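Student: Could you take one part of this model and go through it closely, then follow what it packs against?

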Amino acid sequence: MERPAKVIYLDHAATTAVDPRVVEAMQPYWTERYGNASSIYSLGREAAQAMASARATVADILHCEPKEIIFTSCGSESDNLALRGVAFAQRHRGKGHHIITSSIEHHAVSHTCEQLEKYFDFEVTYLPVDRYAMVDPDEVRRAIRDDTVLISVMTANNEVGTIQPIAEIGRIAHERGIPFHTDAVQAGGALPLDVNDLHVDLLSLSAHKFYGPKGVGVLYVRKGTPLLSMQTGGAHERKRRAGTENVAGIVGLATALKLAYDHAAENNARITALRERLIRGVLESIPDAQLTGHPTQRLPNNASFVFKYIEGESILINLDLLGICASSGSACSSASLEPSHVLLAMGIPAEVAHGSLRLTLGRENTEEDVDYVLQVLPGIVKKLRMMSPLYPGNK
Ligand code: PLP
């Protein structure tokens, strides 16, 4: 089949294109309304007003107070601030030094936990997951100790798309009065994120995952949650995150989030149908292929697989030659040859986990895109297997 003239982008979990309507909303804040939001003259007040309006928009979507929203520079910063900020504040208040998280978190959470353990004497329990990457709320209950100061479980996994029972875990955390953080970076714009329904105290988002700009994120922090600022300086963000605000980025984030939720139902329905077509097609046409993640409790856009006997990286190179952008897992771990910690935690053997492929759909994808992938992928897998010393047919 002819290579299509356009690139077929199937890596929306890594990042998304900025929506032109978002670019338009941001534009004036670089060139005309460029004031510092802390300045008292009109240009500054205009910037402050734009930020206040963006904060109100985000708060409305999360069902919280505007003052509970902190703007950050990305999802990683939001996760870092949530974990370190609560851990240090809690210990300072003599509450203890035990943290509970899952074994499938993004590195922004897991590496922060590891650093808190290694350099700051916190103890961390990494909860196991089942074969679908699901955390069992009863495991959370069992892991809680008198000195537990924070629980952090992601809303939806970035590699395999599994959606966690956040509301149930949140209820358990709140019964024990323990602050609960969720990394909702992959869920933002797709899943409902009412912080009261979810019983969360802290929630991270990142604009570039929902057709907003890179370099801007959100941390929701419920009023009364102990939080030590990690970046000190001016009194920005109610003294919780110093630094002159990225006004254009913040306007872009709020515009993108609102657009995403205004159209979430129709987008999710369309993308879920494409996902199902893709999953069905792959499983029907490729032997020894396995869907990873939960069969139904998964992000609308995530179709992820493992293919026995081959390397995910080789699949990616072959797809790229045909103009298809995909990933073997998370963008952040694709430079490493280690099998994904998520797949290993799900009980997938290391040699199988090496053959992972993540296809994440987005707004601009069509049935033709899916059908093109279904046309070329079986041949790529077959060709790679013919060259693989691991493939039983070659022994
Ligand atoms: N958390 C999750 C679940 C993610 O998927 C990502 C990015 O892939 C991040 C956090 C980090 O977000 P950012 O790229 O904005 O730092």
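**A helix and its surroundings**

Tutor: Helix α7 (residues 166–175) has as its buried residues Ile166, Ile169, Gly170, Ile172 and Ala173 (buried: under 20% relative accessible area, 1.4 Å probe, protein chains only; helices are DSSP runs of H or I with at least four residues, strands runs of E with at least two, numbered from the N terminus). These residues lie on the same side of α7, because they cover an arc of only 160° around the axis, taken from the directions from the helix axis to the C-beta atoms. The model is predicted, with local features needing pLDDT of at least 70 and side-chain atom pairs pLDDT 80 or more, while totals for chains, interfaces and linings use all residues. Residues are numbered from 1 along each chain, and side-chain values use heavy atoms, without hydrogens and water.

The buried residues of α7 pack against α6 (137–143), β5 and β6 (180–183), contact being heavy atoms within 4.5 Å. Just after α7, Gly177 has a positive phi of about 70°.

Strand β5 (residues 148–152) runs parallel to β3, joined by 4 bridges (pairing requires at least two DSSP bridges), and His98 stands opposite Thr148 in β5. Strand β3 (residues 98–102) also pairs with β4 (residues 123–127), in the parallel sense over 5 bridges.

The open sheet has 7 strands in the order β2-β8-β7-β6-β5-β3-β4, with mixed pairing. At its edges, β2 (69–72) and β4 each have a single partner strand, so one side of each is left without a neighbour in the sheet.

Notes. Buried < 20%, exposed > 50% of the residue type's maximum accessible area, 1.4 Å probe, protein only.
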